[in-house]
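I opened my notebook to look up how the chains of this structure meet and what lies inside. Here are my entries, in the order I made them.

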Amino acid sequence: MKNTALIKGTAAIAVGAALLLGGGGTLASWNAADNAAPGTVVAGDLNVVKSGTGAWKDRAGATIDIATYKVVPGDKLTYTQVLDVTLTGNKMAADITATGTGAANGFTPANVIVSGTVLTVDGEAVSNPLTTSKTVTATITFEFKAATTGRADVNATYNFGNVAFTLQQITQPGLA
Amino acid sequence: MGIPRSLRAAALIAAAVLMGLLTVQGSYALWASNASATPGSVSSATFNVSLTGMPSGQVTNMTLADGQAASLALTTQSVALAALAPGAAVHSSVSARNNSDAGGQFSISVTAGAPAVSNVGGGSLAQYLTVSAKNVATAAECNTTTGYAQLTTAGLTTAAVPKAGTTVVCFEVKLSSTAPSTLKGQAVNISIPLTASQLCGVPSGCA
């Protein structure tokens, strides 16, 4: 009984295969071909790099060497770092942020005013997200208050540590 | 019956892996770029004023290493002032040098306050003495008697002394011409407080 079913099945497969082989005859009929050129997909770019080294200036706008400059009450110093932001892509959008780490304040906190890192484009505060390439200026100000009394904070040190600038792409409509 | 133990374990592992992936996915999503800057350190200057007393020749910093105010003797037993006679005056001086290492502008002025004159050995000489002062450029000018003004509680404040600059405050002690002869041989101690102050270097003023 079992052998009969096996033989029947094998026969059916053989018939089917034969039918498929017979279908090859349709190649002889009409056919047509054409080409399409989808073009080239080009990726955009996203990058942030420092443009030169940052510079410190005093209240009068004169460039100073922070490694040797000594502040006194009434001094106000400004640090400026220019960043080249490259953003290319039809749906490109990215947020730029600055994060300070490792700062160590050896001054009496009440005697100094230290700003966070302020990012500007053409003198205006950065409005995230950015969508095109820009020159972004990062600024930090350090003011040793003139109201400091006695000999407070002579020979003190404020270490700014590292300031990290992060350019992070964000999801735009049409991106998943 | 229930879900086999192996299936339950597999489900738990799958859930944990999924949650792990969800929590870190932000760092993989989309492009990001970083740059960093090192602004460096801001250091404050010293406020260092050195004093030289004449005729003693003693030199000291206004503020000692332990932060205390220094005391400078203008005369000593070996370098004493000339003896005073009624109507006569003796002179001494202190020169102050601005030794600050400030990076920017740092000018100071020195103020000599009201003198404290105390008799030595129960005498009464003090009330016949007047102490005057004037601000000059060199100690040699102290011996000219013009320009002295009596030191009061308002004190005498010098002109601005820029970094590495020096100013001289002359002191004149004068014995009244009405001093009685009973004062002969008496002595006094005169103590004058000196204060150095930073002058405002901010164009818009230091409120």
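**Entry 1: the contact.** I began with the contact between the chains, which takes 45 residues from chain A and 29 residues from chain B; two residues are in contact if their C-beta atoms, placed from the backbone, lie within 7 Å. On the side of chain B that touches chain A, β1 and β2 (41-44) of chain B each supply at least two residues. The largest share of that side, 6 residues, is from β1(B). I sorted the side of chain B by class and found 14 nonpolar, 14 polar and 1 charged residues. Here Ala, Val, Leu, Ile, Met, Phe, Trp, Tyr, Cys and Pro count as nonpolar, Asp, Glu, Lys and Arg as charged, and the others, Gly among them, as polar.

**Entry 2: what I am reading.** This is a predicted model, in which local features need pLDDT of at least 70 and side-chain atom pairs count only at pLDDT 80 or more, while totals for chains, interfaces and linings use all residues. Residues are numbered from 1 along each chain as its sequence is written, and chains are lettered from A and ligands numbered from 1 in the order in which they are written.

Entry 3: Which strands form the open sheet? I found 4 strands in the order β4(A)-β2(B)-β12(A)-β7(A), with mixed pairing. (Strands are DSSP runs of E, at least two residues, and helices are runs of H or I, at least four, numbered from the N terminus; two strands pair if DSSP finds at least two bridges between them.) The edge strands, β4 (70-71) and β7 (104-105) of chain A, each pair on one side only. Strand β12 (residues 157-159) of chain A runs antiparallel to β2(B), joined by 3 bridges. I noted that N159(A) has S41(B) as its bridge partner, and Y158(A) has V42(B).

**Entry 4: chain B by itself.** I counted 1 helix and 13 strands in chain B.

**Entry 5: the core.** The largest nonpolar core has 35 residues, and V85(A) is one of those that touch the most other members. Such a core is a set of buried Ala, Val, Leu, Ile, Met, Phe, Trp, Tyr and Cys residues joined through C-beta atoms within 7 Å. Beyond its neighbours within four places in sequence, V85(A) is in contact with residues including V48(A), I96(A) and L167(A).

How values were computed. Buried ≥ 20, exposed ≤ 12 C-beta atoms within 10 Å, placed from the backbone.
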